Amino acid sequence: MSSPSAVACRDLTKRFSGSGGGVLAVDRLDLDIPAGSVFGLLGPNGAGKTTTLRMITGLARPTAGAVAIDGVTVQPDNPGVRRSIGVLDQAPRFYGWMRGRELVELAGRLAGLTGAELRARTRDTLERTGLDASAERRIGGYSGGMRQRLGIAAALVSDPGLLLLDEPVSSLDPEGRRDLLSLIADLRGNATVIFSTHVLDDVERICDRVGILDTGRLVEEAALDDLLARYAVASYRLVLAPDQEDAVEALRAALGTAPWCARTSGGAGELVVAVHDEAAAIAGLLPLVVASGVHLVRFEQERPTLEDVFLRLVGRAPVERVA
Amino acid sequence: MSGLSILFRKELLESWRTYRLPVVAGLFILVGLSSPLLARFLPEIIQAAAGDAFASIEIPTPTAADAVVQVQKNLAQFGALAAIVLAMGSVASEIERGTAAFILARPVGRGAFLAAKAAAIGLVLAMSVAMAVGLGWLYTAILFEPPDIAGWIAMGLLGWLALAAWAALTFLASAATGSMAAAAGLGFVALLVLSVVAVVPAIARWTPAGLTDPAAALATGQAAVGDLGWDLWSPVLATIALIALALIASFVIFRRREL
């Protein structure tokens, strides 16, 4: 297999054996991830994200198809292909008896670093991940967030050309999440990052390309901006004055018959109107509000979000949404 | 093999930090110290315990050969247990805890991962056997007479080879099942089966249990290596072949394992 992509998956399939024909975790996945991009691998739980990443690292063997990194086919016992990869597992497990610094050094040594370069890279990575103060503590005493930071440090120490991060911020507090996302964003152009998550806000914040998986199949793959332009539904948020239930019901009814209106939603005190035809909506929405006698506190156009895209393509919301 | 020396050092550090090495070494030191003492003072111990009940039975005066038998017996029993305990979690615990995935997602071959573990277990057993045999020799020299050093070194080597076989079989079970409990169970079953079939002398000489008699003959000075011929070489070759087969099978199975 030869490809200019940093990672190329061709017809990649993984079926786990079991009763009733087993489970098809990944189904004929074709994916090209350009070098230097920050690629968000999105999908609900069980979509096949982790299995895909494990096949890319060679920890899981494809039932069919293949993965190539920089044109070299990945195989479980081909360590050379993993020389330029940094990996962070979904639930990283480490040796509790080791010190944090020792683990990062071990990862660096296994990637070929030695001597002064190894020590300098270890020190630098521990600083960047905020672990320098606890580097000499045993990992057994680390919190979940510290373990996740440690996993990131171990993945980054060798300055890899390809970084595979499976739910990398799931155990971090808001500050840690912000720091790590910023650190990943800084890698853009210098390394290829594949970032698996079901937290759409994180993807919108740092990824330039997105692949959406559902039940093992790639539903869509494109640049984030293209995806938003193509699938996101334009919508308007109406913040309503209190005590006007009848007028709001009349407005809802009127919107239900408007050809440009896709759907209405919203809780107490607000109404969100998703539209098919933005130009028609701009011309028709406010006259309908006035005609219904609804008083507004605020009226704003909502930015199209990845959640809209996800809902349209997968048909349901992802598991988690972080505010 | 990519990463072998790095992982070997990590294994030895782990053995030390998790107290496996000190505990196993302590057990073997106890065997080395206590066995000649037990051989030397057995008549007194029996007399003190039984009083006049065995007064009519004449217990022969202990000799250095009794110390050899005692060292060998204790090494075989406690050593086999230590070998199984050392090997049962070596691969399985890393699979169960998920740390194998951390290592093998890096530029490390699965062969190097296993070889580092097998070599570390072999070294820990070798150091422990060396301490037991060294101390056993010293106490035998003090309590009886200085035995033949070369014979005791040969006994130590053959004892280590037998323990390495039990460790290799448990190691195979650990890599194949990914479960510490299953590996320990299979290791004990292998020890039991090979010990039982070794009751038949013709079979014993082709099992690790067949190493006991030539080891005793060499340590007591009853025979030299050249005198033993196939009585020595058949169990040695059979045990080396068993270890090699177990390690190759471990690699073949582990290579296909999903992590």
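**Exercise 1.** Which residues form a positive surface patch?

*Solution.* The model is predicted, so local features need pLDDT of at least 70 and side-chain atom pairs pLDDT 80 or more, while totals for chains, interfaces and linings use all residues. Side-chain values use heavy atoms, without hydrogens and water, residues are numbered from 1 along each chain as its sequence is written, and chains are lettered from A in the order in which they are written.

Step 1. The patch consists of A:Arg109, A:Arg119, A:Arg123 and B:Arg9. Patch residues have over 30% relative accessible area and no salt bridge; like charges are joined within 9 Å, and nonpolar side chains (Val, Leu, Ile, Met, Phe, Trp, Tyr) within 5 Å. A salt bridge places a side-chain nitrogen of Lys or Arg within 4 Å of a carboxyl oxygen of Asp or Glu. Lys and Arg count as positive, and the charge of Arg is placed at CZ.

Step 2. A:Arg119 belongs to helix 3 (residues 115-128) of chain A. Helices are DSSP runs (H or I, at least four residues), and strands are runs of E (at least two).

**Exercise 2.** Is A:Gly36 buried or exposed?

*Solution.* Step 1. Buried means under 20% relative accessible area, exposed over 50%, and partly exposed in between (1.4 Å probe, protein chains only).

Step 2. A:Gly36 has a relative accessible area of 16% and is therefore buried.

Step 3. A:Gly36 sits in the loop between strand 2 (23-33) and strand 3 (38-42) of chain A.

**Exercise 3.** Where is B:Leu42?

*Solution.* B:Leu42 lies in helix 2 (residues 20-50) of chain B. With a relative accessible area of 35%, B:Leu42 is partly exposed.

Conventions. Accessible areas come from the Shrake-Rupley method with a 1.4 Å probe; for residues, only the protein chains shown count as cover.
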